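The following exercises concern a predicted model. Each task is followed by a worked solution.

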Amino acid sequence: MSYIPNYIIPDLLLLILPFLVIGSRLFVKDNSKIPWRIANIGLVLIFALLNFIPLAGGSRFFINNWNVSDFGILMREVLVLSAILGVWLSKDYFNHGGDGKPAMNQIAEFIGTIAFATFGGITVISACDLLTFFLGLEIATIPMYALTAWNKRDQLGSEAATKYILMGSVATAFELFGFSYLYGFAGTIRFDAIQTAASNPNPLLWIAILFLFCGIGFKLTLFPFYTWAPDVYEGAPTPVTAVLSVTSKATAIAFLVMLVYGPLAPVREQIAPLIALLAGVTLFVGNLGALKQSRLRRFMAYSSIAQAGYIMIALLGDSAMAKTAIIYYLFVYALSNYLAFFVFGIIGHHREESFDSLRGLSKQNVSLAVALAVAMFSLAGIPPLAGFFGKFHLFFSGASTGHYGIVVFAVLNNVLALYYYLQVIKSAWADEADEHLTPLRMTRRQRWVIVLLTVAVILIGILPFLSNNVFAGFTF
Amino acid sequence: MDTLLFNLIWLIPLFTVLVCAPIPGAKAKLIKGIHGVSATLVLLLVAYLTYRLYTLSGTPANEAAAPLLLQFFTDIPWIAALNAHYMVGADGLNMFLLLLTAVIVWAGVFVSWEIKGNQKVFFALIQMLATSVYGVFMSMDLVLFFVFYEMEALCMYLMIAGYGSGRKDYGGKKLTLTLAFGSSMILATLFGLYFESGIHSWSIMELSKITIPMDFQMWAFPLMFMGFAVSSSLFPFHFWSPDGHASAPTAVSMLAAGVMMKMGAYGCLRIAMFLMPEAAKIWLPWVVAFLIFNVVLGPFIALRHKDLKYITAYSSISHLGLIFLGLAAITPVGLRGAALQMISHGFLTGLFFATIGMIYERTHTRDITQMGGIMRKMPFLGVGFVIAGFAGLGLPGFSGFVAESTIFIGAFGQESTLTRIVTILAILSITTTAVYILQTANRMLHGNMPAKYETLTDGCFREKLIIVVLVACLLLIGIFPGWISNMLDQSIAPIFAKISAATAPVNGIGG
């Protein structure tokens, strides 16, 4: 290759990064800080570089097989941001464990695996054909299996990983089966060619769509394929749960966006009822499931199931609206979710990760209680926090094509959701403190990250220039 | 210049929170001082702007503000992807509501001076709540309106759960979730207004220039009206308010009953009825039927209660019912009465909850059967309570009389038999109001005094000042209602013109 265009550099860096991080282990000891520093510098550099790629370029095809679209660049930012926060969150779990589990080891491999999963997500959004698409999905998923079982001495983690692998493999099989039908229908694996063929749908296409939705339903935790999520979220180490809930969900939703506005664009009208139905049922069961939880991460699992349902509503709108809504939502969802996990992480370092551990938090550590309230209210979609604007975008997109039924259903469900988010806040604000709870200590990094995320969640929604600039030159 | 000052109304409270954020919580005196100064500043600012509006009244600031005769009009693009604008402006209607809010917030800040718990966070939350209420009354853009409208839920829950008394989590959740239920209905219909209107605008002014499709109006109006009615505790959505008030700290009760419950009625008038007048004409007679509960049964329930806050809450429910009676009559006098009642009841209930809070701080009970002889130890607070009660039952000289009589005249002007029957019932129910007010005052203030009350003291200067200011407001409206109703009339005229010009299709749906 004689010429490498600059928009491809972040992708290449991200491909090299995990090898660098893991490779550095050949030269340094396990407890060295060097791999962690390399990963930090690398990821932040990649994030910065992504911000320098000018938007408004539409699609840029690299060797005709790697599509760096505007949507793709913003999705990359979401994924890399999630990786950065995930790496920051995980650091303390290598020093002194959490949630009653021993400290993990092999931080270099851990971070490298997160970077691999991120690269998988990027492959999905850059794909131009079914083969790359499938590869990307697998590169994004397989590291997650490993990460789930990272704490080798933890039985619950191994159980979760086993469950996840079994379910995930079945999902992959469904996916592949759907792809094969899609290939059989169109006679090609190129997206643009499939799109042309889909203008004349026949039953083969419907079967393909059915299987594709089943397959991605597992990864996006859509009804009725969400059942693995609570167990895996509960069993995995906390930073892995956080990465899982953001990176893996973002990858899955990117996959759906690529399909619905790519190869399946001609039949989007016909599959809209399916999307609306999946969205409605998913957010309803997610909200119902979260009502009675007492463990924090199980609760976050159901909450993220419900969020998946909300995201699906955006897919009812047209391409520009849906992509804007989804990008915006994923950004604020990532920030709010990580904020919640950082707070839970600090709780978990000293106590059990359950609602009872939050009791009296507002009296012991008021800034942590404020951060928790901000995270929960943002996830619940209460203005002026970013989460509200995220949900507003989603509903806006859904309503733009006249799907008021699902929008009314979703906003009513939001009240249900508010109830269980309030349960968390109640533990921290209304309940009296237990005397025997261990006091909380924060490291300097944790304190700074929490301040940063809290400020971001408060300001991103109300300060217009942040989102306006991003979306001003956005072509879809 | 005035426009800039107008925008400061909601910015100052927010700015105060930011200023106080880095100050350590131990320096509570400094923090409280800053908040007190800020609340006083906003109050003076709003009073000045009300005066400015009085001198300018009746003229729109510019072409864009014309449909509502707005002054201090600002319109800046805000969120491009949503086509939302930062659009604020004032006419007589919302200016007086802003003034009411400023007074109640000022009183709320000073009434919570000795609150227990983390004072820094509490005062920050009061200011956030103030921001949200100011914002609701100022916004002329529906997205901006909704952002401010729902922001209240966040502050309310934290304040009740963190600083309330009794079943604070239960009361707080009930209040927050019911209000969220209401605002979710509003949100859904806002999307409909944006897309179904065909002009893709969130501006109240722009939307008022066109006729929204009738079949959309027919289902959207009841949804939106219901959403707003929830926060004004219209039957059958009144259940949150007694429990919510009972567990809330004094300042929150004052703000909730005094100001936030008016947001619903304001939204009904300014958004639901103004933008969907055709459907309003069809649906509002049904609302009148529901009002029988609020207006007639509310006082009877208050009669049965022993807890002061429950009594006041049910009294608020009946007074808010009168606002809706004025609205549902759709006569110019009725609408003016409704607007007057919003303002009058705000001061009135603020005074009620303030005195109750002050008495509770001393007696540590709100059960009137446990109290007695308070007048002997706390004459000032006792008189404040009695004044609030008398103003509430419509004693001439206080604002309640002006507002309620205007509503009754306006509602009787409506020719429908149902409205007239409800009006007559409402007038009769004042007797019931008198019974529970007098009974409560009698049991609490007179009779045998429990021995443990010997050591109690009357209100301090701070508390007396709050009561004096609130009573002054009640008297001011009661004795000089002319200037305020003139300004209200001017700003209600365009709304009434739009509603009376609307011709409801004969068949109901489809026109």
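**Exercise 1.** Determine which elements of chain B the buried residues of H2(B) pack against.

*Solution.* Step 1: Helix H2 (residues 28-56) of chain B has 29 residues, where helices (H or I, at least four residues) and strands (E, at least two) are DSSP runs, numbered from the N terminus. From its first C-alpha to its last, H2(B) reaches 42 Å, close to the 42 Å expected at 1.5 Å a residue; the expected span is 1.5 Å times one less than the number of residues.

Step 1: A residue is buried if 20 or more other C-beta atoms lie within 10 Å of its own, exposed if 12 or fewer, and partly exposed in between, with C-beta atoms placed from the backbone. The buried residues of H2(B) include B:Ile31, B:Lys32, B:His35, B:Ser38, B:Ala39 and B:Val42. Residues three or four places apart in an α-helix point the same way, because there are 3.6 residues a turn.

Step 2: The partners of these buried residues are helix H1 (2-20), E1, strand E2 (84-90), helix H3 (92-111) and helix H4 (119-138) of chain B.

Residues are numbered from 1 along each chain as its sequence is written, chains being lettered from A and ligands numbered from 1 in the order in which they are written. Local features need pLDDT of at least 70 and side-chain atom pairs count only at pLDDT 80 or more, while totals for chains, interfaces and linings use all residues.

**Exercise 2.** Describe the side of chain B that touches chain A.

*Solution.* Step 1: The contact (C-beta atoms, placed from the backbone, within 7 Å) takes 29 residues from chain B and 33 residues from chain A.

Step 1: On the side of chain B, strand E1 (71-79), helix H5 (142-163) and helix H6 (168-196) each supply at least two residues. The largest share, 13 residues, comes from H6(B).

Step 2: This side divides into 20 nonpolar, five polar and four charged residues.

Terms used:
Two residues are in contact if their C-beta atoms, placed from the backbone, lie within 7 Å. Ala, Val, Leu, Ile, Met, Phe, Trp, Tyr, Cys and Pro count as nonpolar, Asp, Glu, Lys and Arg as charged, and the others, Gly among them, as polar.
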